[in-house]
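Here is my note on the structure, written for a colleague who may wish to check each point against the coordinates.

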Amino acid sequence: MKKWVIVYGDYEQDKKAVSLINSKVCEQINFPTHCEKADIVDKQTLKDNNIILIGSSSNALISTLIDENKLEKCNKPQQYYIYVNDSFWNKDNSVIVISGYDKAGITYGAVDFINLYLGDKVHDKNGYNIVDDRFYKTAFLQKTPAFSRLSAPSISERGIWCWAHCVYDYKKFFDNMLMLKLNVAVLWTDYAPINAKEVVSYAHECGIKLIWGYSWGWEVDSAVLTDFSSPAQLEIWSEKIIKKYEDEFLNTGCDGIYFQTFTERNDNTVNGKCVAETVTTWVNGIFAKMKAKYPNIRVQFGLHATSVKEDTEFIKNVDPDMEIIWEDCGSFPYRYYHTTHDFADTLNFTSKICTLRSPYDKFGAVLKGMTTLNWAIFEHQTGPYVMGEHSQLYVEKRGEEKRKLWRLFQTEWLNKKHFFLDTVKQILKTRDGNISLQLLVEDGLLEYKVWLPVAFACEMLWQTDITEEELVERVLQFPCVHLA
């Protein structure tokens, strides 16, 4: 079998895709893969070898093939195009093209080449399924069956919400997020990790924005000790909150901050006053002072609907530069548990909050039904700590402890995944893009295994027009996915 040559365009843009594809080639071929830059590779190399083209318009070969109508062009953010067929330079050889509109698209093309082409059923030229496992073990040692796919995400920002100290191996955690085409992590923490810069840096290597989360007046007993309608208290807390940002998060290279405050309650009053009205004044006051010092700061407001559901007219007045991330908006998928008896009301409320503010603001929500912290034994952190550098033995031990829970949840998701999909579709009906949806996966050991429920949810965020049958057939064949 002739060797494979990776031909890339701009290495800084293409390097994650190159790394992913190179690792798969090297699984089967016991010598380093030959890599060339597109603008210097010679014609003989193209003719004599199987070729993997990676890049965007910066790859001159891809650009030329698009102009010649031999490849489709990506024209949307995060969009990718995968093409596998006979080589353009020698029909006896194979060519694999992974192109993208941007860096993210190129990377996701590599991810889905691995997930869909190397993991899913592929077809030869005569349309026959390759149903045995010989191809999967020797994909780069034989003629590659034809395949093509042009794809872009339905939801532009797809993420994980998690307590930071429950990420036990941050590199593997972000690696697995990447294999699910996720691009934002919101990590809540009592104190910033001392290795926060390294954590942010590796997230960025994986194309993942990192947003640190912390309290804006949601400390232990704060609802008792603080009069949130007091201008004096607002001044005190504003100073504390801004100082915490400056001392702990500002210089980590993060992409923004997320906060919660006193809305996680089942009644609509705090200290005898309307939660929705009081919290709007509170967060607008703090954000105004923060924005004055840091005009380009990105801030997400984690808002629990339970305490404001009947008073949403006040929430309209939240500063439009602040993103609201809705939580606890009704039944599954907003709820920890998979109860759906009030799903019709949940959909109606979803439509209401989607149109509550300007159509140009960013709409966000936290969707649940995954693993959570064990609140019976939970303790707050007592100070700064090292995040996500536990031993492999610890991760495996914790992962096996969580397996029974994931087995229960994967059964629920197999039966109720359409409720998640219907909710996401409802959001898309009323929002024209600019959406951030986060999956709450608390203490779920995503760094240990890519669990089926998370993979289901991620693929539905990427492609909302998928049928349930297509979803199951596709995701269960992802090489990275594990059944509990």
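The points below take up a helix pair and then the salt bridges.

1. Please bear in mind that this is a predicted model, in which local features need pLDDT of at least 70 and side-chain atom pairs count only at pLDDT 80 or more, whereas totals for chains, interfaces and linings use all residues. Residues are numbered from 1 along each chain as its sequence is written, and side-chain values use heavy atoms, with hydrogens and water left out.

2. Helix H12 (residues 343-354) and helix H13 (residues 392-430) have axes that come within 9 Å and cross at roughly 30°. Here axes are lines fitted to C-alpha atoms, for helices over the stretch in contact, and angles run from 0 to 180 degrees between N-to-C directions; helices are DSSP runs of H or I with at least four residues, strands are runs of E with at least two, and both are numbered from the N terminus. H12 and H13 are therefore roughly parallel to each other, a term that covers angles under 35 degrees.

3. On the H12 side, the contact (heavy atoms within 4.5 Å) is made by Phe 343, Leu 347, Thr 350, Ser 351 and Cys 354, and on the H13 side by Phe 419, Asp 422, Thr 423, Gln 426, Ile 427 and Thr 430. The residues of this contact divide into 5 nonpolar, 5 polar and 1 charged, where Ala, Val, Leu, Ile, Met, Phe, Trp, Tyr, Cys and Pro count as nonpolar, Asp, Glu, Lys and Arg as charged, and the others, Gly among them, as polar.

4. If a salt bridge is taken as a side-chain nitrogen of Lys or Arg within 4 Å of a carboxyl oxygen of Asp or Glu, the count comes to 31 salt bridges. One of them joins Asp 328 and Lys 368, with the closest N and O atoms 2.6 Å apart. Asp 328 lies in the loop between strand E14 (323-327) and H12, and Lys 368 in the loop between strand E15 (363-367) and H13, so the pair ties together parts that are 40 residues apart in sequence. Both Asp 328 and Lys 368 are buried, that is, under 20% relative accessible area with a 1.4 Å probe and protein chains only.

5. Arg 357 and Asp 361 also form a salt bridge, at 3.1 Å from N to O. Arg 357 is buried, with a relative accessible area of 11%, and Asp 361 counts as buried at 9%.

6. Asp 443 and Arg 398 meet in a salt bridge at 2.5 Å, N to O. This pair links distant parts of the chain, 45 residues apart, with Asp 443 in the loop between strand E16 (435-440) and strand E17 (450-451) and Arg 398 in helix H13.

Definitions and conventions. Parallel < 35°, antiparallel > 145°, perpendicular 65-115°, else oblique. Buried < 20%, exposed > 50% of the residue type's maximum accessible area, 1.4 Å probe, protein only.
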